[in-house]
Amino acid sequence: MTPDPSGVSAEHRITTLDSGVRVVTERVPGVRSVALGFWIATGSVSEHEGEAGISHLLEHMLFRGTEHYGSQEIDQIFDAMGAEINAGTDKEATSLYTRVLDRHLERAFDVMSEMIWQPRFGELEPEREVVLEEIAMYEDDPQDRVFDLLGKAVFGTHPLGRAVIGTADVIAAVTREQLVAFHAQRYLPESIVIAAAGSVDHDALVELAAQRSPSAVPHPHSDTSAQTPPAGNGHAHAPASPEDVAAATPDFRRRSRFLEKDTEQYHVCLGGAGIARDDERRFALRVLEGVLGGTSSSRLFQEVRERRGLAYSVFCFSSLYAHTGEVGLYVGTRPDNLQEALSVVAAELAHCVADPASEEELVRSRENLKGRVVLGMESTGARMSRLGASVLNSLPILSVNEMIARVDSVDIEQVRALAAELFAPSRLSAACVGPRESEFLAAIEPLGAGEEAAR
């Protein structure tokens, strides 16, 4: 194992093990806890269509026992430490994380490393049912559904347009052998980052990682790693790497998508192509979002909710991926208010392009963003997540002062250029969950997203 000369700073240290696993830590004085996470470079974007949801199911199966720890025993160990262990899957990554007292770090690391490297894949049937219930719960929630519906509208058939949670058909059919093969193909040492922040000694954590890395612990399922076809497909084929899949440019033509559901509100999202996560304009985008719809003083919140009472929830958002991104906004409103709410939204988007921010708005949004950055860094969990995601995605780990400087450097011309590129109504797709499609299509006409948008 060798220290990375460029990875050593006053705030964090990075070491790459001989196996390829990277360990990154940040010692935070004055705390007694450690936030620990394992970050894996695999998510829904690297699945074949017939595998949709396997990454998410595999994340669940990590908790169903290892070579030495049973499923219930894992829960008991973390409960006895006064800690919680959790995991998450998104488009491009999976994570397993906890926060423990520093004296419990070695014990927590031992269990979590086995969960990552040596899952037993036992108790598949009960966990399959749990995930199917999660999918059913998701399908009952229109506010969740509309964001994935927007993904389909924005990205079309590109894997970024698929829901992370997967499909019930795939989950119902997947076998243990397919999970074993998927794990062996994706949970590779060079694809994993171990991150920790808090009361942690870097060299000690590196030693733990070296002792428990795949070079020291053979993969228990290596003999079956690549011979099982993906779920829902009768033909074996090599899985596409995340890089290969993400390299394809999405078809960003405008589309509208509608899901008919008997709801009390119309849940509407408008969105389009965004920027990649390494784009230097990401700081300007955050500032622009603060002005448009990211805060309670933002234009959308004030015009739609505070002045007119047309919605309880209205906000804008963005997602940044390896090679592209997505921007969007959400509003939920009753049928009687749908037309007026979207007319106001259309007017505010046009206003955003023509006059994206006054000097007062710009200053307020920059200060808001800086405040959230600094307050977030008071959490060891947030610091650990920043380390893990940055190293996994080959992004520089900026200090708090560096991030503040980047935010302060955002000027009106940067914001103006981004507003014209990303938020012009003529560039946005539309998605809706609600009772009647005809009312939705009529309401988005002020945006020019009705007949003009591809269905």
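In which sense does α3 pass α8, left-handed or right-handed? Notes on the model follow.

1. **Basis.** This is a predicted model, in which local features need pLDDT of at least 70, side-chain atom pairs count only at pLDDT 80 or more, and totals for chains, interfaces and linings use all residues. Residues are numbered from 1 along each chain as its sequence is written, and side-chain values use heavy atoms, with hydrogens and water left out.

2. **The α3/α8 crossing.** The crossing of α3 past α8 is right-handed (the near helix is turned clockwise from the far one by less than a right angle). Helices here are DSSP runs of H or I with at least four residues, strands are E runs of at least two, and numbering starts at the N terminus. The axes of α3 (residues 105-117) and α8 (residues 202-212) come within 11 Å and cross at roughly 35°. Axes are lines fitted to C-alpha atoms, for helices over the stretch in contact; angles run from 0 to 180 degrees between N-to-C directions.

3. **What meets there.** From α3, the contact includes Phe-109 and Trp-117; from α8, it includes Leu-205 and Arg-212. Contact means heavy atoms within 4.5 Å. The contact residues divide into six nonpolar, one polar and three charged. Ala, Val, Leu, Ile, Met, Phe, Trp, Tyr, Cys and Pro count as nonpolar; Asp, Glu, Lys and Arg as charged; the others, Gly among them, as polar.

4. **The sheet.** Five strands form an open sheet in the order β8-β12-β9-β11-β10, with mixed pairing. Pairing requires at least two DSSP bridges between two strands. Strands β9 (residues 266-273) and β11 (residues 325-333) pair in the antiparallel sense over eight bridges. Val-268 stands opposite Val-331 in β11.

5. **Helices on the sheet.** α5 (residues 142-155) packs on the sheet and touches β8, β9, β10, β11 and β12 (429-434). Its direction makes about 150° with that of β12. α11 (residues 299-306) lies across β10 and β11, at about 145° to β10.

6. **The largest pocket.** Its volume is about 1,200 Å³. A pocket is an open set of points on a 1 Å grid over the protein atoms alone, where a 1.4 Å probe fits, with protein on both sides within 12 Å along at least five of seven lines; lining residues have an atom within 4 Å of a point. Volume is the space filled by probe spheres set on the points, which are joined across faces, edges and corners.

7. **Its lining.** Of 36 lining residues, those closest to the centre are Arg-282, Arg-286, Leu-320, Ala-389 and Leu-395. α14 gives the most, with six residues. The lining divides into 17 nonpolar, 10 polar and nine charged residues.
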